[in-house]
Each structure stands twice: as structure tokens, then as C-alpha cells.
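Subject: Structure for you to look at

Hello,

Here is the structure we talked about. Please open it first, then read the notes below it.

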Amino acid sequence: MSTDDLIETFRAQLRDDPDVASAVAAIRALLGFLRQDRGETIQGLRSSLRDAIDTLSRVDSSVAVNSGGELFLRFISLTSLEYSDYSKCKEIMIERGEIFLRKVSLSRNKIAKLCHPFIRDGARILTHAYSRVVLRVLEAAVESKKRFSVYVTESQPDQAGQKMAKALRKLNIPVTVILDAAVGYIMEKVDLVLVGAEGVVESGGIINKIGTNQIAVCAKAQNKPFYVVAESFKFVRLFPLNQQDVPDKFKYKADTLKTSQNLTEEHPWIDYTSPSLITLLFTDLGVLTPSAVSDELIKLYL
Amino acid sequence: MVTLTFWPLESSTSSTTSSVGICCVSCREKGLAAGIGSPAPSATHSGSGGPSRIIPARQLLPTCWALRRKLLKVSLPPSVGSCRTGMEAEQGEELVGKARGPTSTFTCSAAPQCLHPDRAPCAHGWLWFPCGWGSQGVHLCWSREREGAGDRGAALAALCIAGRRSGNDASYYQSAARNTETECCKLSTAGGRGQRWARVAAGRQPGQCHRGTKQGKRPRAAAPRLPACMYFSSCSLRCSTSAGGPELSREEKLQLRKEKKQQKKKKRNEKGTAAEPPEPGTAADPAQPRVTPHPASPPASANAPNDGEKPPGGKSKAELRAERRAKQEAERAQKQAKKAELGQGAAPAKPRLTPTEAPSVVKRLPEHVQVDDPAAQRKLAKKLERQQVPLRQDYGTKVNLFSHLHQYSRKKPLTQQMSIPSTVIHPAVVRLGLQYSQGIINGSNARCIALLEVFKQLIRDYSTPPNEELSRDLVAKLKPHISFLNQCRPLSVSMGNAIKFLKKEISCLPDTLREEEAKEKLQGTIDNYLREKIVLAAEAISKSAFEKINDNDVILVYGCSSLVNRTLCDAHTQTDRTFRVIVVDSRPRLEGRETLRRLVRHGIHCTYVMINAISYVLPEVSKVLLGAHALLANGSVMSRVGTSQIALVSKAYNVPVLVCCETYKFCERVQTDSFVSNELDDPDDLIVQRKGQAQLGGWAENKSLRLLNLVYDVTPPDLVDLVITDLGMIPCTSVPVVLRVKNVDQQ
């Protein structure tokens with residue numbers, strides 16, 4: 001499978017199913033790549049898969065594509081491959097890849113199940129930008145007959161908040177769209193903050209749409225719980241110390257990186273929220289405190 | 001159905017002397033398992049539906065857990081008799097004996113209800129030891145029973161008796177074997193990691209069980225016949241570890257070894273009689289260690305010597321009598337145990353006097369942090385005297401809060417007053433100790449490397465005395481050396497971990513190795529340790545630290561850490577990033593000067609300030625890079641005093657704090673402050689020479705003046721953003737996970 005085919009498969013996945021997470025689409029594309037790989041050795045397969053992950057993360061600069069790809073690779077090669085026959089090994093890897101994909105696609109529902117009891121009846125929730133996991137959680141809360149209202153930030157520059165508001169209105173949830181600058185104003189009215197994440201880093205902090213950090217800081221200042229919902233395939237081996245330490249390839253869109261002359265003049269798309277500002281993380285591995293994220297990652301990679 | 005088959009050790013010799021391999025498990029985690037006598041006992045395990053297979057004795061241990069759950073049929077060679085403890089459900093169950101010999105069937109008379117001490121009613125923690133005692137088949141079954149359960153089980157020939165729970169973890173076991181002898185074993189579980197160690201608290205009086213028997217007490221004449229408690233009694237040590245060694249966990253071995261030492265006196269008393277082999281026929285293979293150090297002659301004339309010819313299932317008169325008597329014994333023993341327990345309950349704080357007693361459940365504090373406790377000091381002095389290591393005297397008055405720590409004077413080295421016999425302490429170790437105490441070798445890594453190099457030399461110069469085993473004797477030989485070094489300067493965490501590693505490696509040496517090979521192997525392991533844990537780890541750390549050093553960074557370092565220096569030098573030479581370093585230093589050691597020297601030699605742009613100026617320099621700093629003495633299990637960083645202050649100010653200025661630390665310095669201890677476990681340096685270091693006058697010079701004469709020269713402090717985990725280890729970058733709260741993963745790897 002050539003690079004172009006790979007990218008095309010990835011894009012087609014995203015087009016066909018707008019509800020799919022970019023990481024899941026990437027994993028599907030990688031699985032297709034694995035099936036059609038013509039390599040002869042495990043080492044060769046690994047390196048070509050690595051190249052494929054690189055290619056995909058250049059197409060979509062989101063952290064999740066990177067982390068999902070890495071975890072996929074880790075998961076399929078974590079098994080013992082002590083077969084003399086290469087095709088047998090590959091078969092096993094494909095099988096494990098499918099297991100991984102199945103696990104990944106179930107994770108959103110698992111999170112919804114874990115998280116919705118935290119939304120009490122009559123709660124006022126602040127959320128940021130568009131997140132499918134948050135949407136699924138709120139849906140689960142509605143299904144369990146909770147009445148609550150949601151504030152959504154507009155989240156410039158792509159106005160993802162409007163998209164979120166639309167989706168929430170469809171679920172008959174009372175929604176108010178607020179300005180990004182009004183977070184501090186609205187915080188005192190809010191009972192909890194619920195955001196998704198593009199990536200969860202080793203420190204237990206998150207990388208998410210720009211503006212998340214300021215919400216977290218505001219929430220901390222007013223002692224409101226700040227909850228993050230994220231699937232475990234978003235766990236990434238990265239340890240930023242501060243905003244400046246986050247790699248540029250995540251901060252800017254892929255095409256901006258290619259075209260821009262001076263990155264300091266560009267708007268970053270994501271920011272880093274430190275673990276000390278996060279109350280809890282809801283993942284398909286369970287409800288985690290920020291420090292438990294690193295434990296899970298160590299278990300996975302050591 | 002599960003069938004365990006035990007083959008006699010010497011089937012060619014008289015059937016009355018055969019011994020069998022055993023399978024016994026006290027607990028799944030650590031496996032207090034031991035096997036006696038049989039070189040290759042095997043068990044046939046045919047699980048339901050599964051194909052049957054032969055399990056070699058070594059592998060028996062892990063399997064046993066599964067086996068025990070439904071241990072239905074146990075077969076033993078008829079010559080050995082049978083022994084049985086079982087679980088609740090198995091009372092009256094049939095035992096089918098199928099060995100190299102006629103098949104015989106036994107019925108279990110009663111099964112004691114066993115309860116696992118940790119996991120309530122799941123029925124485990126019993127051991128059974130069908131050790132061949134001739135035809136009498138003395139078997140000992142140990143069961144852990146809940147309070148009040150009493151001895152409901154009496155196996156055919158032997159008895160197994162009540163363990164009872166006391167305190168949190170310790171369980172007392174008494175086993176009455178045959179009817180004349182009783183031994184009391186006390187198993188206690190050391191808290192924390194589920195380690196179990198067994199000790200014999202043995203009053204070896206027939207029919208009685210004493211817990212508080214003094215060490216010097218002579219056993220009565222009947223005692224040498226004692227067939228029980230092989231595993232934990234000193235005299236049986238040799239055979240149990242050499243023959244059944246592989247099934248003993250390593251901790252067990254060490255513990256047993258300790259036991260051996262402690263019971264030396266007793267052993268000496270027994271030796272005369274105990275050395276007699278039960279029957280000359282068993283000594284077919286002289287290389288094979290004795291299975292039974294006690295004479296296996298029937299303890300009482302009532303037990304007819306022709307028992308062996310009888311099928312073990314059938315009860316002879318003598319056996320019946322024996323059973324009855326054993327039952328009585330057991331009851332008596334139980335009563336006594338109860339009494340003893342009550343007595344203990346009345347005075348729980350009473351310090352333990354006899355070394356044969358089990359240590360308290362609470363993990364013992366190391367001596368070097370209880371200097372203010374005279375009892376602990378007496379104990380230490382005694383220990384040192386035994387090891388012929390001089391005791392170093394404390395120097396000067398101490399600040400009250402730190403009176404539990406040692407404070408030595410550099411001017412009075414340990415070797416000044418007393419000569420140290422080179423038979424006890426290797427001259428290289430003496431030199432190393434002096435280098436430690438004079439501060440010539442300093443720094444966690446350097447001290448550890450020096451230690452291991454000296455130990456290598458020590459191993460090279462070591463030769464095993466006759467009648468000793470290298471794996472035992474060497475560990476014992478190391479002990480005085482370690483005590484000596486500890487006297488010179490308290491061991492660092494890195495040294496502690498290295499010593500722990502080395503001891504484990506020594507005790508795990510296979511017996512089959514020749515001395516030269518074993519020594520070579522040990523030196524090789526030490527070299528590997530040095531390379532992997534220190535050299536390569538430093539390389540890995542400096543590689544991952546590159547990621548965090550950006551262009552135009554201003555990096556603040558404190559004191560002198562070999563790792564941090566190396567990282568900075570590597571970053572300077574191997575990358576094209578330009579960065580600047582601020583070296584912070586503090587009195588009295590002024591170690592920062594060494595850092596400065598090294599960095600400047602590499603051409604790194606440096607600034608040198610004292611620690612009083614950090615709030616002035618911090619606004620321009622972009623990262624703080626610190627070394628560590630140790631990383632504790634709660635994520636605290638133990639490091640040179642002053643580190644905590646730097647981390648605190650950095651936090652206030654929102655500057656990220658990075659700590660570099662190899663994983664071999666990770667420690668399972670938890671500490672929240674710097675008081676409990678720390679080190680006091682020579683207070684004379686604080687004296688300043690100014691204009692030819694020593695200020696503070698006469699501090700010792702002034703009663704209201706005390707000096708404190710603290711060596712380490714503890715930085716709380718929330719002040720540290722990131723720890724760079726050889727495993728990559730982790731938050732410091734992940735230390736326990738790394739420790740756990742490491743422990744799993746080592747096992």
C-alpha cells in the first residue's frame with residue numbers, strides 16, 4: 001500500500017463516518033496497511049508501520065493520531081511472536097489489531113457509563129469546543145433522566161462550540177453559547193467543567209483545543225471540579241513542562257507548518273493543561289487521578 | 001482428579017528409610033515451600049480433562065496452588081506412610097497411594113479446617129511434610145487455623161496442629177509430631193511486602209511448646225530425636241536448603257541462614273547426637289546431604305520397629321496409642337500457646353530478649369536512626385562486638401530534634417584507637433571506610449561504585465573455608481564489612497540497594513559451581529550491575545534530558561551531582577543548542593565549585609552564586625535541574641540539603657523543576673520530612689576561619705550552643721515537575737509503579 005493510498009483510506013474513513021475519532025480512523029487505515037504490507041520481516045513491518053504513523057500524523061496534526069498509532073503498534077507487537085513463519089506472525093498481529101480496534105470503538109460507551117453519575121440532577125455544566133466523548137456522556141446523562149443545562153464556549157477560531165451547541169440542542173439539552181472571553185464571568189454559576197481531550201500526556205495533564213487551560217485555571221481559582229473525558233488511546237508518551245515545551249507539530253495545523261514562515265505569528269490550536277488543575281480523568285481504564293495516567297503508561301511501555 | 005506421586009529417594013535401600021519429596025505451600029505469593037530429601041520428586045498432575053503431565057519438583061510450587069484447591073488424592077509410597085491435611089470438604093476422603101510399590105489406600109480421618117491468614121476462608125496456608133521417618137512415617141502437617149479451631153485434624157501418623165492468629169499477621173504454629181516431641185514454630189509475616197519468614201521459637205521439650213525459651217537452654221535428652229519442624233529448625237537447615245533449596249524462596253533462605261547463626265549454641269549441643277544417621281543404608285550417596293539430621297530411630301519403644309512392614313493405612317496398636325497421645329499433646333500445647341499469648345498481650349511493649357523469638361511485625365527501624373534509644377544501642381554494640389567491628393563514638397552535643405542520629409567527628413576516625421584485625425575486615429574495606437568518613441569519596445554514585453569495586457576485590461581474595469558453602473559463608477563474611485562501613489558513614493540508599501542485590505546474587509549461586517567459577521560469576525554480575533545501573537543509566541538519562549534542554553535555556557543546578565554534570569556536558573558537546581548554566585552553591589561543603597570546574601572545562605557558560613541569591617537569579621532561569629540521593633516511594637526526593645529550598649522558590653517563580661535520578665536509587669521507604677531518617681555531618685565543618693580566627697571554634701564548651709550540619713533534605717513531590725530516569729521521563733508520583741515493575745522483573 002503506498003503512502004497516497006494510506007492517506008486516502010484515512011480521509012475516506014473520516015468522510016464516511018463523521019462521528020469517528022481521528023485516531024480510530026487512523027487505526028483502521030493502519031490495519032488496512034498491515035494487511036496489504038508486502039514485507040518479509042517483522043522488523044521491516046515495524047518500521048514501515050512506523051513510517052505510516054508518521055505519514056498519518058503529518059496529514060492530521062492531532063495528538064490522538066500519533067498516540068493511537070503508537071498504542072496500536074505497541075499492542076500488536078506486545079504478544080509473543082515466536083513463530084518461524086512470518087505469515088503466521090502477521091496473522092496474529094492482524095488479529096490483535098482487530099481486537100484493539102474493537103476495544104477502542106467500545107471505549108466511548110464505557111466512559112459514558114463511568115462519567116454520567118457525576119452529573120447530578122439540576123447541574124450546570126461548562127464545556128469547551130466540540131467533543132464527541134463529552135457529547136456521548138451528556139447523552140448518557142439525558143438517558144438516565146437527568147435534567148441539566150450546558151454552557152458551551154464558542155471556541156474560536158473554528159467556532160466548534162456552535163457545532164457542539166447544535167448537537168446538544170438535538171438532544172433537548174438547554175444550551176447557552178458563551179464567548180471564550182466570558183469563561184471567568186460564567187464560572188461562578190457553573191457546577192462542574194467537563195472537557196474532552198486530544199491527548200493525555202504522561203504527567204496526567206491534557207492537550208486540548210486552545211482555551212482549555214484558561215478554563216482550568218478559572219475553575220481551579222473558584223474550586224470547581226474540572227473533569228476530563230478521554231479514551232485511553234489518547235494517552236501519549238510526551239511530557240511537556242509548559243506550553244512552550246509542547247512540540248510544534250501538535251500546536252499548529254499540518255498545512256500551517258508547511259506554509260508558515262514565522263510560527264510565532266500563527267495561532268496555536270491546542271494548549272497544555274497541567275495535571276494540578278485537573279480533578280479527575282474518565283477513561284475506559286476507569287476513573288483516574290492525573291498521577292495514575294503515568295502509571296498506566298509505564299505499565300504499557302515498560 | 002489430581003494425583004501427586006512421590007517417589008522414594010533411595011528406593012533401592014530399605015523401604016523404611018526412604019524419604020520423599022514433598023510439595024508444600026504456605027502461601028501463594030512467597031511460597032514457604034520446601035522439599036526435603038528427594039532429589040527429583042515429581043508430581044503427576046492430571047487436571048480434569050487435561051492431559052496428565054509430570055511436574056518436576058522445582059515447578060511444583062507454582063502448580064501447587066492449583067493442586068491444593070482440589071487436592072483429592074495423595075499417594076505416597078507405602079513405606080512412608082501417609083500424611084494428610086486437607087480442606088474442609090475432604091473429610092473422610094479416600095487417599096490412594098500409588099507409588100513404586102504396592103498400592104494402598106488410606107482414609108483421612110479428619111481434615112482440619114485451614115484458613116488462609118490473609119484471605120479468609122479460602123482454605124490455605126497449610127504445609128505438609130511427609131518426611132520419611134522410616135516406617136513410622138512422621139509427617140508433619142501444618143495448618144493455619146483460626147482462633148479456637150483447635151486440632152480437629154489428626155492425620156494418620158502425625159499430627160498437625162493449631163496455628164493461631166495473633167496480632168496482625170503473625171501466626172503461631174505448633175506441630176506435634178509423633179507423640180513425644182513438639183516444636184513450636186512461629187511464622188510471622190513481615191508487613192508490607194508479604195514476606196514471610198519463619199523462625200523457630202523452640203522449646204524443645206517433649207510434649208510442650210514454649211515460646212519464650214531462652215537461647216542457652218539445653219534441650220532435654222529427647223530433643224535430638226525431634227523429627228518435627230525440619231524446615232525451620234537449625235539442624236535441619238543444611239538438608240532442607242541444599243536438597244529442597246530450589247523450592248525455598250530467597251527471603252526464606254536468608255532468614256533460615258540467620259536462624260542458623262542464632263541457634264548455633266543449641267546446635268552445638270545437639271550435634272553429638274544429631275549427626276548420627278538414622279540408618280547406615282541411607283548414606284548411599286555421600287554427596288547427597290543428609291535428609292534427616294536427627295536420628296530417626298523410633299522415639300519410643302512403644303512404636304514397634306516393625307511398623308514399616310505394615311501397610312501404613314492400617315492402624316497398629318502402637319499407632320493408635322501414638323495418635324491418642326499426639327492428640328493430648330496437641331491439646332496441651334494449644335493451651336500453653338493460649339496462655340503464652342495472654343501473657344504477651346499483657347506486656348506488648350516488652351522488648352524481645354531472645355534472638356530465637358520472631359521479630360515484631362512492625363518493620364524494625366535501622367539502628368542508625370535510633371541513637372537515642374539505649375536499648376537499640378546496646379543491641380548494636382553487642383552485634384558489633386560479635387562481628388569484631390569497633391563501635392564509633394558520637395561526637396559533641398546534638399540538636400534535640402536530631403538526637404536519634406549519629407554525629408561523628410572527622411578528626412576521630414574509627415581506626416584511630418583500635419586496630420582492626422585483617423581477618424575480619426579486608427584492608428581495602430578499611431581504606432574505603434576511611435575514605436567515606438573523611439569525605440574523600442562523596443556522592444551517591446561514587447560511593448556505590450567504590451563499594452562495589454571493593455567488594456569485587458574482596459570476593460577475589462576470598463576463599464571458602466573447609467566445610468562451608470560459598471553462597472552461605474560469603475554473605476556472612478560480608479556482614480562485618482557492611483557494619484564497618486556503616487560505622488564510618490551511614491550507607492546511602494544506592495549502596496543499600498547494591499548490597500541487597502549482591503547478597504541476593506550470592507545466595508542464589510548454584511551449589512554446583514566450583515569456587516573459582518562462582519567468584520568469577522559474582523565479579524561479572526557486579527560489573528554488569530555497575531554498567532547497567534550506573535553507566536548506561538546515566539547515558540539514557542542524558543539522552544532523554546536532551547529533549548528538555550532547548551536553545552537559549554538558562555539552567556540552574558545545585559551542588560555537585562555527577563549525573564547532572566554529565567547530562568549538561570553531553571548536551572553541550574553532542575547538541576548544537578546554546579544554553580547557560582547557573583551553579584548554586586552552599587556552605588559548608590561548597591560542592592558547587594567542583595561542578596563549576598567541570599562545566600567550565602567543557603566550555604559551558606556558567607554563573608556561580610550562593611544559595612542565598614537564588615530568589616535573585618530565578619526570574620531569569622528557565623529550568624532547574626537537580627540531582628537526587630534517593631527517590632522515595634511517595635515521590636519525595638531526598639537530596640543534598642538545600643534542594644528543597646530551591647524547589648520551593650522555583651515553584652514560587654513557576655520555573656519547572658527537573659530531577660535526574662537512576663532507578664537503582666529508588667527506595668521503598670516513605671518519608672515526609674527530613675527529620676526521621678537523615679545524616680548529621682561533622683559540626684566542626686561549620687566553623688569558619690576568618691582573619692586567622694576560628695569563629696564558632698569553642699562551640700562544644702558552650703552549653704547553650706548546638707550546631708547542626710544536616711546532610712540531606714526531602715523535597716515534597718508537588719514541587720517536582722518531572723523525574724528523568726533511565727526508563728524515560730516520569731512524574732515523581734510514579735515511583736511506586738517503577739518499583740513494582742522492577743520487583744516483578746527481578747523475580
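Of the 302 residues in chain A, 54% are buried (buried means under 20% relative accessible area, exposed over 50%, and partly exposed in between, with a 1.4 Å probe and protein chains only). This is a predicted model, in which local features need pLDDT of at least 70 and side-chain atom pairs count only at pLDDT 80 or more, while totals for chains, interfaces and linings use all residues. Residues are numbered from 1 along each chain as its sequence is written, chains are lettered from A and ligands numbered from 1 in the order in which they are written, and side-chain values use heavy atoms, with hydrogens and water left out.

Chain A has 12 helices and 10 strands (DSSP runs numbered from the N terminus: H or I of at least four residues for helices, E of at least two for strands). Taking its contacts (heavy atoms within 4.5 Å) between residues at least 6 apart in sequence, 74% join residues at least 24 apart.

Ser131(A) counts as buried because its relative accessibility is 11%. Its side chain comes to 3.2 Å from the backbone nitrogen of Val134(A). Leaving out residues up to four places away in sequence, Ser131(A) touches Met164(A) and Gly196(A).

In chain B, look at helix 8 (residues 444-460). Helix 8 of chain B has 17 residues and spans 24 Å from first C-alpha to last, close to the 24 Å expected (1.5 Å times one less than the number of residues). Of those 17 residues, 12 are buried, including Cys448(B), Leu451(B) and Phe455(B). Among the elements of chain B that cover them are helix 7 (427-438), helix 11 (515-546) and strand 23 (712-715).

Now the place where the chains meet. Chain B gives 17 residues to the contact and chain A gives 15. Together they bury about 1,300 Å², 64% of it on carbon and sulfur atoms (buried area is the accessible area, with a 1.4 Å probe, that two parts lose on being put together, summed over both). Asp245(A) and Lys548(B) form a salt bridge, with their closest N and O atoms 2.8 Å apart (a side-chain nitrogen of Lys or Arg within 4 Å of a carboxyl oxygen of Asp or Glu). On the chain B side, helix 16 gives the most, with four residues.

Regards

Terms used: A polar contact is a pair of N or O atoms within 3.5 Å; within protein, one must be able to donate a hydrogen and the other to accept it, and residues adjacent in sequence count only if both atoms are side-chain atoms.
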